[in-house]
Amino acid sequence: MRYVLLDRVTSLQPPEFAAGVKCVSLSDDIFVDHFPGHPVMPGALILEALAQLGGVLLEATLRQRGRSDLHALLTMVDKAKFKKLVRPGDRLQLEVHGVQASEDGGRVRASAKLDADVAAEAELTFAFAHVTEPKLLERRREVLNIWLTGSSEGEPEKTS
């Protein structure tokens, strides 16, 4: 994945809810060209941050059901609304609420907030891909551990 846009998962309560944080920095590659002299985080990348969090929630939900071999892939974005510009120095509070999850896919309602104001919101739909490559499974476990605990060591724990 070229862009990891989720800095931390602050709450994971499958299948209902997940929260996370994206700290927007001027050093992020995207601000070189978007836009010189007026840096703004592209809406597509805000959606990608929400999709990464939504994927964590859906994958955790399926793990609880005994399926640790599925990887969530964003397939559809509905009802996307962008309400505030996101700039370097902003801290995006990301939230996803589980709507549906099965072995075929899932759906979440997602929002990104700046303080109490909604910056973006959307409904996101995912399909699941069957993952069997051990190196990919290990890398996914490491990234999830970092998002949840700040370290790649040990098993991820459920957070409140």
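Which residues does Ala 101 touch, not counting residues up to four places away in sequence? Point 6 takes this up.

1. **Ground rules.** This is a predicted model, in which local features need pLDDT of at least 70 and side-chain atom pairs count only at pLDDT 80 or more, while totals for chains, interfaces and linings use all residues. Residues are numbered from 1 along each chain as its sequence is written, and side-chain values use heavy atoms, with hydrogens and water left out.

2. **The sheet.** Start with the strands. Six of them form an open sheet, in the order E1-E2-E4-E5-E6-E3, with antiparallel pairing. Strands E1 (8-13) and E3 (70-82) stand at the edges; each has a single partner strand, so one side of each lacks a neighbour in the sheet. Neighbouring strands are turned by 20° against each other on average, direction ignored. Helices (H or I, at least four residues) and strands (E, at least two) are DSSP runs, numbered from the N terminus. Two strands pair if DSSP finds at least two bridges between them. Strands of a sheet pair through backbone hydrogen bonds, either parallel or antiparallel.

3. **Strand pairs.** Check the partners one by one. E1 pairs with E2 (residues 17-23) in the antiparallel sense over five bridges. Here Arg 8 stands opposite Val 21 in E2. E3 and E6 run antiparallel and are joined by ten bridges. Leu 73 stands opposite Ala 127 in E6. E5 and E6 also pair in the antiparallel sense, over ten bridges. Ala 110 has Ala 122 in E6 as its bridge partner.

4. **Two helices.** H1 and H2 pack at an angle of about 110°, and their axes are 12 Å apart. That makes H1 roughly perpendicular to H2. The word covers 65 to 115 degrees; angles under 35 count as roughly parallel, over 145 as roughly antiparallel, and the rest as oblique. Axes are lines fitted to C-alpha atoms, for helices over the stretch in contact, and angles run from 0 to 180 degrees between N-to-C directions.

5. **Where the helices meet.** Gln 52, Val 56, Glu 59 and Arg 63 in H1 meet Arg 140, Leu 144 and Trp 147 in H2. Contact means heavy atoms within 4.5 Å. The residues of this contact divide into three nonpolar, one polar and three charged. Ala, Val, Leu, Ile, Met, Phe, Trp, Tyr, Cys and Pro count as nonpolar; Asp, Glu, Lys and Arg are charged; the others, Gly among them, are polar.

6. **Ala 101.** Back to the opening question. Ala 101 lies in strand E4. It touches Leu 58, Thr 61, Leu 62, Arg 65 and Gly 106, not counting residues up to four places away in sequence. Ala 101 counts as buried, at 19% relative accessibility. Buried means under 20% relative accessible area, exposed over 50%, and partly exposed in between (1.4 Å probe, protein chains only). The C-alpha atoms of Ala 101 and Thr 125 are separated by 9.8 Å, with the two residues 24 apart along the chain.

7. **Ser 111.** Look next at strand E5, where Ser 111 is found. At 11% relative accessibility, Ser 111 counts as buried. Leaving aside neighbours within four places in sequence, Ser 111 is in contact with Leu 50, Gln 93, Leu 94, Glu 95, Ala 120 and Glu 121.
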